[in-house]
Amino acid sequence: MPDLLGADVVGKTWDEFLTWFARVWKQGQHVALVGPTGMGKSTFACGILDLRKYVLALDPKGGDSTLETSGYERLTQWPLPDKAWDAITEGRPARFIVGGYSRTLEDRARLTVLLRDTLEGVFEARGWTVYADEFQLLADRKMMNLGKQVETLLIAARDKRITVLTSYQAPAWVPSAASRQATWVVLWPTRDVDVVKKLANVVGRDWRMLWSAMKALPPFHVLVVGRNPHEPIVITSAPERPSRYTKAA
Ligand SMILES: Nc1ncnc2c1ncn2[C@@H]1O[C@H](COP(=O)(O)OP(=O)(O)O)[C@@H](O)[C@H]1O
Ligand SMILES: [Mg+2]
């Protein structure tokens with residue numbers, strides 16, 4: 001990585017990054033993935049969710065093709081089916097995409113109820129990592145209106161040992177808890193300086209430094225920034241995951 005970025009910015013291959021992140025990313029530490037659409041937020045999320053054993057990836061789009069590449073099974077009901085509890089009891093990982101494919105208005109209404117039941121149900125449990133993909137869709141009052149439920153999880157994390165990942169395009173589009181409660185911010189290149197200023201403030205870094213580091217990012221690379229000033233700012237790139245359909249072909 002170019003040294004003009006400063007001593008506390010380091011480049012890591014994805015494997016090096018995962019090894020480091022597995023060590024520093026504690027239970028209950030939320031991650032905010034912030035960037036324009038189509039830049040790789042869901043891809044990156046699936047990459048780090050593999051580090052967690054109990055995952056619920058909420059799919060408010062109702063069939064996100066990138067979430068599909070996680071290979072996780074789709075859940076279309078809450079409470080969890082018995083076989084999921086069996087896996088947990090036996091110490092096996094339990095990772096799911098929550099939400100069936102949605103085409104019609106009726107599907108969307110059902111999906112909203114499912115995601116609400118999941119968010120409220122998970123509040124009672126411990127140890128889950130919940131991924132709120134497309135948080136602005138979940139939170140939008142005219143769409144799913146589930147911002148409050150996600151906010152409740154974000155705030156309850158320490159007691160409940162629940163980790164929440166959120167992905168969104170700009171902090172102003174979602175409840176402010178998504179950025180304020182984040183221990184880790186993953187930042188994609190954006191032209192919106194307010195996004196960088198807001199997130200730099202959250203992690204206690206100089207926004208100009210993040211802005212210039214961001215400008216120097218190669219395609220599909222991100223800045224991973226933690227609140228702990230002793231941890232470096234890491235530049236890495238999540239590998240594109242093979243689609244399940246191409247794999248099968
Ligand atoms: N690191 C990467 N290298 C190459 N292609 C990528 C990478 N990350 C994502 N992509 C591709 O970019 C597209 C959008 O990625 P996605 O994760 O769905 O973005 P977002 O969730 O931000 O909208 C996908 O087709 C994905 O395969
Ligand atoms: Mg996405």
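In this predicted model, a nonpolar core is a set of buried Ala, Val, Leu, Ile, Met, Phe, Trp, Tyr and Cys residues joined through side-chain atoms within 4.5 Å.

Q: What makes L56, W128, F135, L138 and L223 stand out in the largest nonpolar core?
A: These five residues touch the most other members of a core of 56 residues, and helix α9 (residues 193–203) gives the most to this core, with six residues. Apart from it lies another core, of 28 residues, which includes I48, L49, A57 and L67.

Q: Which residues does F135 touch, not counting residues up to four places away in sequence?
A: Contact means heavy atoms within 4.5 Å, and with that sequence exclusion F135 touches G147, V150, T166, S167, Y168, V174, P175 and A178.

Q: Why are β1 and β4 said to stand at the edges of the sheet?
A: The 10 strands form an open sheet of mixed pairing, in the order β1-β10-β9-β8-β2-β7-β6-β3-β5-β4. Strands β1 (9–11) and β4 (73–75) each have a single partner strand, so one side of each is left without a neighbour in the sheet. From one strand to the next, the twist averages 20°.

Q: How do you know that β3 and β5 pair?
A: Two strands pair if DSSP finds at least two bridges between them, and strands β3 (residues 54–58) and β5 (residues 94–98) are joined over five bridges in the parallel sense, with A94 in β5 as the bridge partner of Y54.

Q: What does helix α7 touch as it packs on the sheet?
A: Helix α7 (residues 147–160) touches β2 (30–34), β6 (129–132) and β7 (163–168), and its direction makes about 135° with that of β7.

Note on methods:
Residues are numbered from 1 along each chain as its sequence is written. Chains are lettered from A and ligands numbered from 1 in the order in which they are written. This is a predicted model: local features need pLDDT of at least 70, side-chain atom pairs count only at pLDDT 80 or more; totals for chains, interfaces and linings use all residues. Side-chain values use heavy atoms; hydrogens and water are left out. Buried means under 20% relative accessible area, exposed over 50%, partly exposed in between (1.4 Å probe, protein chains only). Helices (H or I, at least four residues) and strands (E, at least two) are DSSP runs, numbered from the N terminus. Axes are lines fitted to C-alpha atoms, for helices over the stretch in contact, and angles run from 0 to 180 degrees between N-to-C directions.
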